[in-house]
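Biologist: I am new to this one, and I would like to understand the words you use for it. Could you show it to me and let me ask how you know what you say?

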Amino acid sequence: MKPQTMFEKLWNKHVVLEEPDQPTVLYIDLHLVHEVTSPQAFDGLRIAGRQVRRPDLTVCTVDHNTPTWELDKPVTDEISKKQLDALENNCKEFGLNLFDRFSEFQGIVHVIGPDLGYTQPGKTVVCGDSHTSTHGALGCFAIGIGTSEVEHVLATQTLRQFKPGTMEIRLEGDLPFGVEPKDVILAIIGQIGIGGGIGYVIEYTGEAIRSMGMDGRMTICNMSIEAGARAGMIAPDETTIEYVRNRRFAPKGEAFETAAAEWRKLSSDPGAQYDKVVIIDATKLEPAVTWGTNPGMVTNISGVVPDPKSFTDPAQVESATRALDYMGLDPNTPISDIKLDRVFVGACTNSRIDDLRAAARVVKGKKVHDDVYAMVVPGSAIIKKQAENEGLDKIFIEAGLDWRVAGCSMCLGMNPDTLSPGERCASTSNRNFEGRQGKGGRTHLVSPPMAAAAAIAGHFVDIRDWDYE
Amino acid sequence: MKPFNQYSRTVIPIDRVNIDTDQIIPAVYLKRIERDGYGEFLFARWRYNEDGSENEDFILNQDGYREGGILVGGNNFGCGSSREHAPWALNDFGIRCVIAPSFADIFYNNCFQNGLLPLKLPEDVVAKIIEKSTENPNFNLHVDLESQRVWDDEEEITVGFDIDQFRKHCLINGLDDIGLTLENEKHIQAYEKSKLDN
């Protein structure tokens, strides 16, 4: 048989129906639902008199709209509250399981899926959210969908998809000291461009990926969408299997071993052909900082803000000029001279326990700079608890960072956590679009240690030179 | 879904690449639970000043373009968030066709679910359309989906376009995907029986 890529194996296993000149009908193993992109889908079901086909494969939570202040303080935004209530009512009406604001399992949808063991290798995973690509880190085909497709999956447990192409991004060699998974994915996006992945599913391979923990792999797959890719994925290995073992909703005992044996067969076959291959020398990577208004506008901590005139493509000159104007930056400013007003550690990119540990190591025994307001927002209630058991919350609080309740927080400017116009933020989130974190806000994307170090210093610093306690 | 076949409207050029869905409609306007009413928030951050008044420099606030129904932009149009509120906002404003050299996958797909036509045209043609529509706020384009052709009043621009035949069929007939898929109920049941429930 012709050698297959992991994506092809996963695709073939989920084909319900293939007809000429039509998108393939694929079966969906896990549907994650949140409050923002679902109300109109449930409305559609109601109007058509349809049911949710598989409530057992549907998991709902609230994350985008929820304030990250303490749970005893109510949601004060009336429109947000209405949307949160809508999900609660829809879950009741359609018989779905909901992890509400007060649930011990609540959290960012892409954090709780893997965390609770719902996300397992070999599954097809969808959610009305572009960062569903995160789940690919466990060896899933995981894609973000629109609300009409949410309705389609609720009603049919399938999705119509045109088969994407395959792209291998191979990271050769080991990552140098101080270079984080976030730096890897920002470097990849800088290299292939924010439209470089359009029409492809990316499989990340190579030594640097194999030696990476699951939290880091999720960071990388999370931002596949920022490269324009349909999905990102990483072949399951023993690291993956050990991660899933004993998770709350994962199979147990003999059933787990049977499943794990199947998961081990998912890797791309030797000699499998990808439509495109990109090779990256991991040993040359450095801590990354974005300077512009999309994630591809990125350089290294040792670099400078580029001069728009240095680009050859007129469209790039135009967008770099506009970006620097929006960001309030002058060409050739050293990145390490950029001063910050805010620091945000969190979001589905970087709010897992490894991220919080890495940030805590940096700030331990130090104080946040007087000009900076910094906050740490764990990705889920479980991670919050775990971090508190490890004493990370105390490290953050003693250093002067705010320790919050789980949610999407300041990633997207939808809940009370936002930047004010002109404020500059070092953020571990995934998008630095104009106004993403609040109207007029200026976002620089970085890794958790880089964000933490910037909170202490008041400007960007090279984490490779950091004086750890 | 409203069928799409022949469509003639004034062109609104936004000469930028990578127009993301956060610009098309910022997250703060996604809190509503309805499908309509997003038109007034279309491009809100570019369209309105701090005090809520209209930004005269932005094209949607200029005579001629204000009544436009075909939006033209640069490469990778609709990148970023999966929010279907982006096509809802365009639709609600009265824009049912977006032209660009390339589109982000999810936005592209979301358009078809809402009776919008995302039209891929070669870069030089898009540049020409942007040039002509920038010069003339009443520059019209005509789209015929059946024959897969686009042309302007003077027929200085007249060009064919590619589109997947299944999507074309659904758009012309205003077909709902769910209904189509549910016709395959026996296949879904068979899949579940063989793969899941044993």
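This is a predicted model: local features need pLDDT of at least 70, side-chain atom pairs count only at pLDDT 80 or more; totals for chains, interfaces and linings use all residues.

Biologist: Let us start with chain A. What makes chain A as compact as a globular protein of that length?

Modeller: Chain A holds 15 helices and 19 strands. For its 469 residues the globule rule gives 23 Å, and the radius of gyration is 21 Å, close to that value, so chain A counts as compact in this sense. Along the principal axes, the C-alpha atoms fill a box of roughly 55 × 55 × 45 Å.

Biologist: And how do you know what to expect for the radius of gyration of chain B?

Modeller: The expectation comes from the length: a compact globule of 198 residues would have a radius near 16 Å, and chain B has 18 Å, which agrees. The C-alpha trace of chain B spans about 65 × 40 × 25 Å along its principal axes. Its secondary structure comes to eight helices and seven strands.

Biologist: What share of the residues of each chain counts as buried?

Modeller: A residue is called buried if 20 or more other C-beta atoms lie within 10 Å of its own. By that count, 60% of the residues in chain A are buried, and for chain B the figure is 45%.

Biologist: Why are the buried residues of H14(A) said to be on the same side of the helix?

Modeller: Those residues are Leu392(A), Asp393(A), Ile395(A), Phe396(A) and Ala399(A). Around the axis they cover an arc of only 160°, which puts them on the same side of H14(A). Their cover includes helices H12 (353-363) and H13 (381-389) and strands S16 (373-376) and S17 (402-403) of chain A. Just after H14(A) comes Gly400(A), with a positive phi of about 95°.

Biologist: What makes you call helix H3 of chain B mostly covered?

Modeller: Eight of the nine residues of H3(B), which runs over residues 85-93, are buried. Among them are His85(B), Trp88(B), Leu90(B) and Phe93(B). The elements that cover the buried residues of H3(B) include helix H1 (21-24), strand S2 (70-72), strand S3 (97-100) and helix H4 (105-112) of chain B. Following H3(B) is Gly94(B), whose phi is positive, near 110°.

Biologist: Back to chain A: which strands are the edge strands of the open sheet, and how do you know?

Modeller: The sheet has five strands in the order S5-S4-S3-S6-S7 (chain A), with parallel pairing. Strand S5 (97-99) and strand S7 (141-144) of chain A each pair on one side only, and that makes them the edge strands. From one strand to the next the twist averages 20°.

Biologist: How do you know that S3 and S4 of chain A pair?

Modeller: At least two bridges are needed for a pair, and three bridges join S3 (residues 30-33) to S4 (residues 58-61), which run parallel. For example, the bridge partner of Leu32(A) in S4(A) is Val59(A).

Biologist: Last one: how many residues of each chain are in contact with the other chain?

Modeller: In contact here are 51 residues of chain A and 42 residues of chain B. On the side of chain A that touches chain B, H5(A) gives the most, with seven residues. By class, that side of chain A has 17 nonpolar, 23 polar and eleven charged residues.

Notes:
Residues are numbered from 1 along each chain as its sequence is written. Chains are lettered from A and ligands numbered from 1 in the order in which they are written. Helices (H or I, at least four residues) and strands (E, at least two) are DSSP runs, numbered from the N terminus. The radius of gyration is taken over C-alpha atoms; the globule rule is 2.2 Å times the number of residues to the power 0.38. A residue is buried if 20 or more other C-beta atoms lie within 10 Å of its own, exposed if 12 or fewer, and partly exposed in between; C-beta atoms are placed from the backbone. The arc is that of the directions from the helix axis to the C-beta atoms. Two residues are in contact if their C-beta atoms, placed from the backbone, lie within 7 Å. Ala, Val, Leu, Ile, Met, Phe, Trp, Tyr, Cys and Pro count as nonpolar, Asp, Glu, Lys and Arg as charged, and the others, Gly among them, as polar. Axes are lines fitted to C-alpha atoms, for helices over the stretch in contact, and angles run from 0 to 180 degrees between N-to-C directions.
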